[in-house]
Amino acid sequence: MNTNIVVAIDGYSSCGKSTLAKALSKKLHFIYVDSGAMYRAVALYFLRNSVNMDSHEEIAQALKNIHLSFHSRDYQTHITLNGEEVSEEIRQMPVSEKVSTVAALHEVRVEMVKQQQRMGKSSNIVMDGRDIGTAVFPHAQVKIFMTADPKIRAERRFKELAPKNPDLTLEEVFESLAHRDYQDTTRAESPLVRADDAIILDNTELTPDEQLQFVLDKVLPFVEQAK
């Protein structure tokens, strides 16, 4: 039986899941696994190689050619796609607009979940995504479901993207997030839903330090038990 501690953080796009997960993993010295980055990297590969997402054969072949890995540098987690650092490119709008469609593909989810579950068997981990507490680690010791006011989420995302996308508007970001929410919550394959035993974290009015302490209070009892 796996005795490693798993913290599953799910929730809507641009709620700060990765910010929280990174801070939590650093504080606890856990491994941080950014599942969203994995799907974004797959989406980037599909875009670059014009993979026909209606073709099961093309999808299967593409997945055989995709090799993902994580590495840490300057206390930050970076992802490589076939040996290439793509941490910044996968956050751009073309990938953001495509990732929900890619992530909804059965073949993609099966492959990514396999990789994620292998990671959870080898270390104490913090993993964020949309189906971590429901599909990937249904028996995770701590499950967090993050949410925030849609307008606040759009403003946060806009501030992140605007410096490198001068023509981008707040309205475009808001509409993109709304479309992403719809895709994530209505897709047939592992839709975004809150696990029955997940703790809701609405961070609309919370600072990063406040939300980190909120989750630490939930996780630390399990850390103490494991000692």
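How are α2 and α4 oriented to each other, roughly parallel or roughly perpendicular? They are roughly perpendicular (65 to 115 degrees).

This is a predicted model, where local features need pLDDT of at least 70, side-chain atom pairs count only at pLDDT 80 or more, and totals for chains, interfaces and linings use all residues. Residues are numbered from 1 along each chain, and side-chain values use heavy atoms, without hydrogens and water.

**Stop one: two helices**

Select residues 35-48, helix α2, and residues 93-103, helix α4. Helices here are DSSP runs of H or I with at least four residues; strands are E runs of at least two. The two axes, lines fitted to C-alpha atoms over the stretch in contact, come within 8 Å and cross at roughly 105 degrees.

Now show the side chains. In α2, pick residues including Tyr39, Leu44 and Phe46; they belong to the set that meets α4, where Pro94, Val99 and Val102 are among the partners. Contact means heavy atoms within 4.5 Å. By class, 11 residues are nonpolar, 1 is polar and 2 are charged.

**Stop two: an aromatic pair**

Select Tyr12 and Phe145. Their ring centres lie 5.9 Å apart (the limit is 6.5 Å) and their planes stand at 80 degrees, so the pair is edge-to-face (over 60). Tyr12 is in the loop between β1 and α1, Phe145 in strand β7, so the pair ties together parts 133 residues apart in sequence. Phe145 is buried at 8% (under 20%).

**Stop three: a charge over a ring**

Select Phe214 and Lys218. The charged end of Lys218 sits over the Phe214 ring, 5.0 Å from its centre. The rule asks for NZ of Lys or CZ of Arg within 6 Å of the centre and within 35 degrees of the ring normal.

Notes. Axes fitted to C-alpha atoms, helices over the stretch in contact; angles between N-to-C directions. Parallel < 35°, antiparallel > 145°, perpendicular 65-115°, else oblique. Nonpolar A, V, L, I, M, F, W, Y, C, P; charged D, E, K, R; others polar. Phe/Tyr/Trp six-rings, centres within 6.5 Å; stacked < 30°, edge-to-face > 60°. Buried < 20%, exposed > 50% of the residue type's maximum accessible area, 1.4 Å probe, protein only.
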